[in-house]
Amino acid sequence: MPQIAMPHLWHPRVYQEKAWGALENGIKRVVLVWHRRTGKDLTALNWIATEAFRRPGMYWHLLPTFSQGRRVIWEGMDHGGRPFLDAFPKDAIKRKLEQQMQLELHGGSKFQVVGSDEIDRLVGANPVGLVMSEYPLQNPAAWELLSPIIASNDGFVIFPYTPRGHNHGWDLLEFARGHKDRWFSEILTVDDTNIVPPEMLAEEKEMLPKEIFEQEYYCSFNASLVGAYYKEQLAWMETQDPPRISDNVSWLPNKPVICGWDLGFADMAVCWFAQVIGSEIRIIDFEQASGRTVDAWAKVLREKPYTYDVMKLPYDSSQHTMLSQYSVEEQFTSLGFNCQRPFVPIPLHEQHATVRLLLRQCWIHKTMCKLGISALREYTKKPVPGQRGPNNEQLYQDVPLHNWASHPASGLATLLCAFQPEDYGEFKQPDASYVV
Ligand SMILES: Nc1ncnc2c1ncn2[C@@H]1O[C@H](COP(=O)(O)OP(=O)(O)OP(=O)(O)O)[C@@H](O)[C@H]1O
Ligand SMILES: [Mg+2]
């Protein structure tokens, strides 16, 4: 058997050595907040390749979407035209499955490039090593799902990314900094790596909006998520005294719970749980799942301690699908739930306006609704490709980007658009001067 040295024909650059050394020293949780084009993916991929020969098992390199995974990793090449996949020596590859983006290696390991948009494909697998690339752009539900598996397998995970505002990427870095015994974390800016020539940096500074330049080259977390629908409202909620998004939003057992839904089977289905107390809408819980039938959802609802008032369903809940001869509305009704839905579809701009208005009446439980809140932050408009405004800013269409964040955002719109103030006694419409 020929001997192969790992990493294969690759060496960490000087600024990559500290992270590489941490991995070599047995650290299994690594957060690399490095600026653009520093070799985040290449470093992580070479670590996976090295580990795959030390320990047989399943290894995943995740990107926010499947197609990004194909472009960036599976078909990726370095400056010299060398494929990223050369991290795995040719002689060590038993089989290459193009469709699945999977390599079967001699020695028993498998390597696969995965999109965290295909979250149901993640369920039930048993990876021992993960790269969660561009984590701030990923659906954070993917890491929630995989984290216990990696823990029970004594596996490793590397999070290579450039910041995207104070979202779950920021929370993760904060967590890593607070657990230095088990987590390695590092921020590398252009001043640390010196890989961007000064004249090119000056040109980029001139071309990019300031916030984005600082984010991409100086790893600033302060760039707000431009084009985010509910940015101002969420910021307002967080800066109130007491904050409107916190763990002090209690469930009142003597009051009923209202559910607001976004439906889906192959796609994610989402349910927000709320109580109306006086003029407040208290959002106390959040659930999302794909591939879950109405029966299975009913079981989840009944296992919670709540007394249900009404299921607020979206317009499409009366439709019949190939999955069942009964609509979702008919199925929930036959299971004993009281359902309501709008008689006509609510236009998106009206949904956005209502959510913006009524978020001012809402209190949201931070921990119970963590994934839902992340999605509300990331619910953004579609950028206009290739066009910039007079100050070089990105321009947006008034239509949402369809991604993992759209489902929770639609669910909340179903909940809030369904509010009939007169149904809830004390509840009053908020002062219209709050509209922004
Ligand atoms: N250790 C290294 N050896 C050789 N080339 C490297 C090394 N590290 C980085 N590079 C070069 O940097 C390029 C960018 O690598 P990679 O795509 O991994 O960076 P990234 O930080 O993930 O980029 P992005 O910010 O665009 O996601 C590679 O194509 C490669 O040419
Ligand atoms: Mg990358």
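## Around the ligand

Sorted by class, the shell around ligand 1 holds 4 nonpolar, 5 polar and 6 charged residues (Ala, Val, Leu, Ile, Met, Phe, Trp, Tyr, Cys and Pro count as nonpolar, Asp, Glu, Lys and Arg as charged, and the others, Gly among them, as polar). This is a predicted model, where local features need pLDDT of at least 70, side-chain atom pairs count only at pLDDT 80 or more, and totals for chains, interfaces and linings use all residues. Residues are numbered from 1 along each chain as its sequence is written, while chains are lettered from A and ligands numbered from 1 in the order in which they are written.

Of those 15 residues, Gly39, Lys40, Asp41, Leu42 and Asp78 come nearest (a residue is near if its C-beta atom, placed from the backbone, lies within 6 Å of the molecule). Helix α2 gives the most to this shell, with 3 residues (helices are DSSP runs of H or I, at least four residues, and strands runs of E, at least two, numbered from the N terminus).

## The sheet

Next, the strands. There are 8 of them in an open, mixed sheet, ordered β3-β4-β5-β2-β6-β7-β1-β8 (two strands pair if DSSP finds at least two bridges between them). β3 (93-97) and β8 (183-188) sit at the edges, each pairing on one side only.

Strands β2 (residues 58-63) and β5 (residues 110-115) run parallel, joined by 6 bridges. Met58 has Lys110 as its bridge partner in β5.
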